[in-house]
Amino acid sequence: FQEKRKGADQLVRDELARIRATTAKVGEAKLLLSLAEVHAEHRNAKGREESRTAAAEALRLFRAQGDRVFEARAALVLAGTEMRRRDDPKRGCAEGLSLASSARDIFQQLGDE
């Protein structure tokens, strides 16, 4: 499993470097979300932080683009990452719950129940 994760990580990083050379912010946001998902289940602090950072940036970019579906998806990935925080579990759970609630509200507004 770890080998597949490393391969996925490298693939996403290569594409992210390529797309950042363009002005395709939606593509960048989707690749950041993919990177966050690759690292979402990491057991070490570096992997969790990488997931959190990528998901937060993806969320920011999706909001700026007005892409509500992917905004909600990024919020869910970030919620899961926040809930795995070990440095401040209480804050992580509160942030995760807020993000998950925000995602639920978006999905409901879009008619996706």
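**View 1. Glu-57, a partly exposed residue of helix H3.** With a relative accessibility of 25%, Glu-57 counts as partly exposed (buried is under 20% relative accessible area, exposed is over 50%, and partly exposed is in between, using a 1.4 Å probe and protein chains only). Glu-57 is found in helix H3; helices here are DSSP runs of H or I with at least four residues, strands are E runs of at least two, and both are numbered from the N terminus. Its side chain makes a polar contact of 2.7 Å with the side chain of Arg-60. A polar contact is a pair of N or O atoms within 3.5 Å; within protein, one must be able to donate a hydrogen and the other to accept it, and residues adjacent in sequence count only if both atoms are side-chain atoms. Val-77 is 20 residues away from Glu-57 along the chain, and their C-alpha atoms are separated by 12 Å.

This is a predicted model, where local features need pLDDT of at least 70 and side-chain atom pairs count only at pLDDT 80 or more, while totals for chains, interfaces and linings use all residues. Residues are numbered from 1 along each chain as its sequence is written, and side-chain values use heavy atoms, leaving out hydrogens and water.

**View 2. Helix H3 from end to end, residues 45-65.** At the start of H3, look for Asn-44: one of its side-chain oxygens comes to within 3.3 Å of the backbone nitrogen of Lys-46. After H3 comes Gly-66, with a positive phi near 75°. The buried residues of H3, including Ala-58 and Phe-62, pack against helices H2 (25-39), H4 (68-83) and H5 (89-109).

**View 3. Arg-63 meets Glu-71.** Arg-63 lies in helix H3 and Glu-71 in helix H4. Which of them is buried? That would be Glu-71, with a relative accessible area of 7%, whereas Arg-63 is partly exposed at 45%. A 3.1 Å polar contact joins their side chains. Setting aside neighbours within four places in sequence, Arg-63 is also in contact with Ser-102, and Glu-71 touches Leu-59, Phe-62 and Ile-106 as well (contact means heavy atoms within 4.5 Å).

**View 4. Leu-33 and the largest nonpolar core.** This core has 26 residues, and Leu-33 and Phe-62 have the most contacts inside it. A nonpolar core is a set of buried Ala, Val, Leu, Ile, Met, Phe, Trp, Tyr and Cys residues joined through side-chain atoms within 4.5 Å. Leaving aside neighbours within four places in sequence, Leu-33 is in contact with Ala-58, Phe-62, Phe-70, Arg-73, Ala-74 and Val-77.

**View 5. Arg-73 over the ring of Phe-70.** The charged end of Arg-73 sits 4.8 Å from the centre of that ring. To count, NZ of Lys or CZ of Arg must be within 6 Å of the ring centre and within 35 degrees of the ring normal.

Conventions
The expected span of a helix is 1.5 Å times one less than its number of residues.
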